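Take it one heading at a time and turn the view as you go.

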Amino acid sequence: MGKEQLKFNSKTIHGGQFPDKAYGAVMPPIYQTSTYAQSTPGGHKGYEYSRSANPTRSALENSLASIENGTYGLAFGSGLAAIDAVIKLLSPGDEVISTNDLYGGSYRIFKRIFENYGIVFHFVGMQDASAIAQYINKNTKLIWVETPTNPMMNIIDIKAVAALAKKHQVLLAVDNTFATPYLQLPLDLGADIVMHSATKYLGGHSDVVVGALVVKDKELADKLYFIQNASGAVCGPMDSFLVLRGIKTLHVRMQRHCENGRAVAEFLAKHPKIEKVYWPGFEDHPNHQIAKSQMKDFGGMISFVPKNGSYKEAIAIVERLQLFTLAESLGGVESLAGHPASMTHASIPAEEREKSGVVDALIRLSVGIEDREDLIADLNQAIQ
Ligand SMILES: Cc1ncc(COP(=O)(O)O)c(C=O)c1O
C-alpha cells in the first residue's frame, strides 16, 4: 500500500517515512552534522551542506507534506521564519490582504519589517469572505488567512477565500497552527500554501521552536526552497527530530485537546462570572456552520472575558491559576493561560487590538490533555 493512500492517523506515523538507510533505524537519526564527505567535487549521497538539506530535516519535511496532503514540505527555525520566507516571494509595490485578527508576531513582521521594504498590507475582517474583494487590485499578490484566529477564534471560510484568490490569480496562504491538519486541510480546500508554527500542536510538548510550510505546486516549492536556502532560516536536526516525534502522536493529542476544550468552553459559558466565551464549537458562534464544514472538531483554544472585566481582573485570574501555567505559546500537552493584551498581542497598538475584540480583560486558554475535572476545578478557584 502506497504511504500516500494512508488515512490521516496512519500518515502522522508513516507518511513520507522510511527506515534509515544505514542501519534500519526506525526513527531517523539526529544527523548532527553541518557537512557531508564527497568522493569527488559534487560526488555526494544527496546531501552537501545542512543549510541546504539535512536528512533529519528531510524526514520532517516529508512528514509535513504528507499530513497536510501536500507534495513539498519545508521546515524553518520558527513559525515567523516560515512567514518571512513566504513574504520574500513578493517585491516592492506588491500588496497583501491579511486577516485583521491574527498572531501579534505575524502582524509585527508584516508592519515593522516588510512595510519598510515597500510591501503594502491591508488588515481586513474576513468573517465574511466577500469583504475581501474590495481590497483586491492589480498589485495584490497574496491573501493571508489565519483560522481559527488568534486569539478571537474567528472562523474564515477557506473555500470561499480560495475561490476569490483563484479568480484574481492571487496566492492564498493559510496559517494552520491552531487547527492543525488533524482538524483542517487548507490545501484540500484550495489554499496554495499552508504555514505552521510547529512550535505548537505539531511539536506538542513545548520543547522546541520550529516553523513549516507545505505546498503542492512544484514551481512555488522551488521558489520557497531557494529562499529557505538563500536566507538560511532553517531548523537544526535535533529540533527536526523533536517535531517529527511530536507529529506521530498529533491525532491522539488533538482528539483529547478537542474533548477537553469542549468541556472547558461549556463550563465557562455557564459560569455566572463570565461575560463571553469565544470557541467555534458553540452553535451561536457567528461562523459555527463554516467551522463545522471545514473542521473535523473545534480544537482546544478558547478565549473568554470575565463579567465587568478589567485589565486588573484578568491579571488576577491568571495569577490565581495553579494547574494552567501562565505562559506565552500554546498547543502543548500542558494547559496554558495567557493575557493577549500584555503578552502575545502586545505588539499590536491598543486601538487596532481592541477593534478586533482583543480587549484588556481577554484571557486565552490553550487547553491541554490533563484530566478535564482538574482543569475545571482550577478555573473554578481562579474565577472569583
Ligand atoms: C497562529 C500563530 N502563527 C505564527 C506564530 C509564530 O510562530 P513561532 O513562535 O514559532 O515563530 C505563532 C506563535 O505563537 C502563532 O500562534
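## Starting at Gln169

Where is the place of Gln169? Gln169 sits in the loop between α5 and β5 (171-175). Please keep in mind that this is a predicted model.

Gln169 has a phi near 55°, a positive value in a residue other than glycine. Most residues other than glycine have a negative phi, and most peptide bonds are trans. Is Gln169 buried or exposed? Its relative accessibility is 74%, so Gln169 counts as exposed.

## Thr180, also with a positive phi

Thr180 is not a glycine, yet its phi is positive at about 65°. Look for Thr180 in helix α6, which covers residues 180-183. Thr180 counts as buried because its relative accessibility is 0%, under the 20% that sets the limit for buried.

## Two cis peptide bonds

Next, follow the chain to the loop between β4 and α5 (158-167), where you will find Pro148. The peptide bond that joins Thr147 and Pro148 is cis, with omega at about -10°.

Pro151 also has its place in the loop between β4 and α5. Here the bond from Asn150 to Pro151 is cis, and omega is near 10°.

Helix α5 holds Ala162. With a relative accessible area of 4%, Ala162 is buried, because buried means under 20%.

Which residues does Ala162 touch, not counting residues up to four places away in sequence? The contacts are Leu172, Leu189, Gly190 and Ala191. As for Ala173, eleven residues separate it from Ala162 in sequence, and the two are 9.3 Å apart in space, C-alpha to C-alpha.

How many of the five residues of strand β2 (residues 95-99) are buried? Five of the five are buried, so β2 is largely enclosed by the rest of the structure.

One partner of β2 is strand β3 (residues 120-124), and the two pair in the parallel sense over five bridges. Within this pairing, Glu95 stands opposite Val120 in β3, and Ser98 stands opposite Phe123 in β3. Between β2 and β3 the chain passes through helix α4 (residues 104-113), making a β-α-β crossover that is right-handed. Strand β4 (residues 140-146) also pairs with β2, in the parallel sense and over four bridges. There you can find Val96 opposite Leu142 in β4. Strands of a sheet pair through backbone hydrogen bonds, either parallel or antiparallel.

## An open sheet of five strands

Now move on to the sheet made by β8, β9, β12, β11 and β10, in that order. This sheet of five strands is open, and its pairing is mixed. Why is one side of β8 (274-278) and of β10 (325-326) left without a neighbour in the sheet? Both strands stand at the edges and each has a single partner strand, so one side of each has no neighbour there.

Thr325 has Leu336 in β11 as its bridge partner.

## Helices across the sheet

Helix α9 (residues 250-270) lies across β8, β9 (301-306) and β12 (363-366). Compared with β9, α9 runs at about 15°.

Helix α11 (residues 311-320) lies across β9, β10, β11 and β12. Its direction is at about 25° to β12.

## Asp20, a buried charge

To finish, go back to the loop between α1 (8-14) and α2 (55-67), which is the place of Asp20. Asp20 is buried yet has no salt bridge.

Leaving out residues up to four places away in sequence, Asp20 touches Ala25, Pro29 and Tyr31.

Methods:
Residues numbered from 1 in each chain as written. Predicted model: local features only at pLDDT ≥ 70, side-chain atom pairs only at ≥ 80, totals over all residues. Heavy atoms only, no water. Buried < 20%, exposed > 50% of the residue type's maximum accessible area, 1.4 Å probe, protein only. Lys, Arg positive; Asp, Glu negative; His and termini not counted. Salt bridge = Lys/Arg side-chain N within 4 Å of Asp/Glu carboxyl O. Contact = heavy atoms within 4.5 Å. Pairing = 2+ DSSP bridges. Right-handed = clockwise from strand over helix to strand, strands pointing away. Axes fitted to C-alpha atoms, helices over the stretch in contact; angles between N-to-C directions.
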